[in-house]
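Here are my notes on the two-chain model you sent over.

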Amino acid sequence: MSCGCCCTDNKSQELDKIIAKYKDSRGALITVLHEAQEVYGYLPLSVQKRIAEGLNVPLSEVYGVVTFYTQFFLNPKGKYKINVCLGTACYVKGAGQIYDKISEILKIKGGECTPDGLFSLDACRCVGACGLAPVVMINDEVYGRLVADDVPAILQKYIDQEAELAKA
Amino acid sequence: MSEYVTLTIDGIEVKAPVGSTVLEAAKSAGINIPTLCFLKDINEIGACRMCIVDVGARSFQAACMYPVSEGLVVKTNTPKIRETRKVTLELILSTHEKKCLTCVRNRNCELQKLAKDLNVKDIRFEGELQNHPIDDMSHSIVRDPNKCVLCRRCVSVCKNVQTVAAIETVERGFKTIVASPFNMPLKDTPCVNCGQCIVVCPVGALREKSSIDRVWEALSNEDLHVVVQTAPAVRAALGEEFGYPIGTRVTGKMVAALKKLGFAKVFDTDTAADLTIMEEGTELVERIKNNGKLPLITSCSPGWVKFCEHNYPDLLDNLSTCKSPQNMFGAVLKSYYAEKMGIDPAKIFVVSVMPCTAKKFECERPELASTGYPDVDEVLTTRELAEMINEAGIDFRNLPDEQFDDPMGEATGAGVIFGVTGGVMEAALRSVPYLLTGKDEGDIDIKVVRGVETLKEAEVEVNGIKIKAAVVHGLGNARKLLDKVRAGEADYQFIEVMACPGGCVNGGGQPIQPASVRNEIDLRAERAKAIYAEDEALTIRRSHQNPMVLKMYEEYFEKPGGHKSHKLLHTHYVARENYPEK
């Protein structure tokens, strides 16, 4: 039976297996969270609750660990993962304004995903392309030397691309 | 036999037991090292760095965690240490919401005192202030993260002492706050409203949800008959708010103050505690005789009841169906008393003064309104009562002693000891022989169930019926015992559980004593002394001899466990989901 959220039967069974594997080993929480995130793509309440019950750790502690480490996500990632570099070079070249512009247009904050699942927004540290600062990555594509006014057109490209796909 | 080492602290030679800390050793030598996050037995994590000392290592060490060793040389008071502590404190203060004048902990704040003690005259840094929403959706507890200093005492008491773990430190760096999972409001978590987080908080980040305004409003409404009942533990601690030593009994002055505040009648919840013993004792006897669900577990402590609903839904049938004394009293006031006095129950406004924040939640339970009106209309904590007394300009210390009002003011020593761990059990065991045989048997003082040991046991035998009883206090201890019951490894017939360590005397609504006091004195034991003193001072000490209770049965309830009792004095429980997904 599907619970109607992100988890389908298969994912749920995989999570059970992960929990069963580490049930009796101390200090396994982070490993379980990693493996669960590989299955689900992120760590929603329902998944954290099952991990807490399965490992006999309070949910508050699970949530504390998830929010402490930046590699764990509370929200799903979009089909197009936007990473705005906020490293020193990009930041002084105005990456902050670009980040804000994306956030404003998509109506999401960092770490969140648009309701249609298309875009997610995150800040990242130096991607090693300081010469192109400020830099934004959307999945594997790199956009450099941007100003805030470039943002609408870039996003529109992906929206149009999706519309084409939908028609086909 | 413990071994000792010799160390030198500020040039003084100190002998200290192996395994003790520099902080303890310094204390024994009369040297005070400032602390903020440290709370003995509850939070010993060296997080705040206020207690740093020079032990000759490359960096300063936290005295609250640094173990003593032979020949160790410690300096606690050098210019460098004083300056480092000051900078640390100034950094904490730089991001703290410094609205001290209107803070609930004004003049009783450990951070305020530390700033004074360390002689901080200026905050040299201007930090960004936190801007988190205040969580005031719980009926009992308000959390204000903007005042939090991240000492983690609340997290520790909730997780390690109570094993509730409704809050934790989340996020990291400057964004770190104490919060519930997914920032849920406390009301949506398994929080049991015990308020132990409030009484350990050094600052104003945690407080009770205030009922003061609504009580003032009722008191000035001439259409209402506003009565008040006070729980036994209140009289054992209220004096602390007015400068009396811990453990001073202030029953008479408390009653006088309540009359001055304008309550039409001042009643004693102990009367209802006696009624509870009649009902619960009868329930126990019936369950034993009829092979009913055993062990019977007490249901007076609303923190414990909610804990059971969240964590042991399979044991809800073991809970006594008796309402708590607070709610029994409310139901009696709006039925028997209303009838007897010829007052419309709609016009009776019942206020309780409780040592407890969970009573505020209990008061809001929709099922506790068996007369058609809420059993209790508002609950004040001991602290809130003190605030009202101060606000009204009453000179508490110079009040004459006054007596509780008739007709409901009569209580026994058994009712009084409800306020301390083991008290409900002792009161029950004083009456159970009578309820079984019609004759009194056994000692009045049942000292094996007294004291702060985590698990206490007693056994009585009446007419060949053996009753094995257990007493636990603090929910972590309750969890251990309940796990045994669940596994079928415990053969008790009767169990008393109180949510707070030490019972109600140490409840979450009691006066807040700073760590400097709590580290030195066992509040549980000191306040219990006041309770046992009152028990001994009373002539009637068995609940079934309370003339008022007997009269109530004669005139109204007929018999314990009878039809009317079940309608008005008993209740039911619900299994509660932990962290429901919306």
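Which elements of chain B do the buried residues of α18(B) pack against? They pack against α7 (232-235), α8 (251-261), α14 (413-416) and α17 (515-518) of chain B. Before the details, some ground rules: this is a predicted model, where local features need pLDDT of at least 70 and side-chain atom pairs count only at pLDDT 80 or more, while totals for chains, interfaces and linings use all residues. Residues are numbered from 1 along each chain as its sequence is written, and chains are lettered from A and ligands numbered from 1 in the order in which they are written.

1. Helix α18(B). Helix α18 of chain B covers residues 523-537, 15 residues in total. (Helices are DSSP runs of H or I with at least four residues, strands are E runs of at least two, and both are numbered from the N terminus.) From first C-alpha to last, α18(B) reaches 22 Å, close to the 21 Å expected at 1.5 Å a residue; that expected span is 1.5 Å times one less than the number of residues. Its buried residues include B:Leu523, B:Arg527, B:Ile531 and B:Tyr532. Here "buried" means 20 or more other C-beta atoms within 10 Å of the residue's own, "exposed" means 12 or fewer, and "partly exposed" is in between, with C-beta atoms placed from the backbone.

2. Helix α8(B). Now to one of the helices that α18(B) packs against. Eight of the 11 residues of α8(B) are buried, so the rest of the structure largely encloses this helix. Among them are B:Met254, B:Val255, B:Leu258 and B:Leu261, and also B:Lys253. The buried residues of α8(B) pack against α6 (212-219), β10 (225-230), α7, β11 (265-268), α13 (382-391) and α18 of chain B. Contact, here and below, means C-beta atoms, placed from the backbone, within 7 Å.

3. Strands β13(B) and β14(B). β13 (residues 348-354) and β14 (residues 378-381) of chain B run parallel, joined by four bridges; strands count as paired if DSSP finds at least two bridges between them. B:Met354 has B:Thr381 in β14(B) as its bridge partner. Between the two strands the chain passes through helix α12 (residues 358-363), and this β-α-β crossover is right-handed, meaning that with the strands pointing away from the viewer the path from the first strand over the helix to the second runs clockwise. In a regular strand, side chains alternate between the two faces of the sheet. In β14(B), B:Glu378 and B:Leu380 point one way, B:Val379 and B:Thr381 the other, and all are buried.

4. B:Lys360. This lysine sits in helix α12 of chain B. Is B:Lys360 buried or exposed? B:Lys360 is buried, because 28 other C-beta atoms lie within 10 Å. Leaving out residues up to four places away in sequence, B:Lys360 touches B:His139, B:Ser140, B:Glu208, B:Lys209, B:Ser211 and B:Val379. B:Ser211 is 149 residues away along the chain, yet the two C-alpha atoms are separated by 8.9 Å.

5. B:Phe329. Look for this one in helix α11 (residues 325-341) of chain B. B:Phe329 counts as buried because 30 other C-beta atoms lie within 10 Å. With residues up to four places away set aside, B:Phe329 touches B:Gln229, B:Phe267, B:Thr269, B:Thr271 and B:Ala272.

6. β1 (residues 4-9) runs antiparallel to β2(B), with six bridges joining them; B:Thr8 has B:Glu13 as its bridge partner.

7. Chain A. Chain A has seven helices and four strands, and buried residues make up 23% of its 168 residues. It is divided into domain 1 (9-68) and domain 2 (80-167), with C-alpha centres 30 Å apart; the bounds come from an automatic or database domain assignment.

Definitions and conventions: Two residues are in contact if their C-beta atoms, placed from the backbone, lie within 7 Å.
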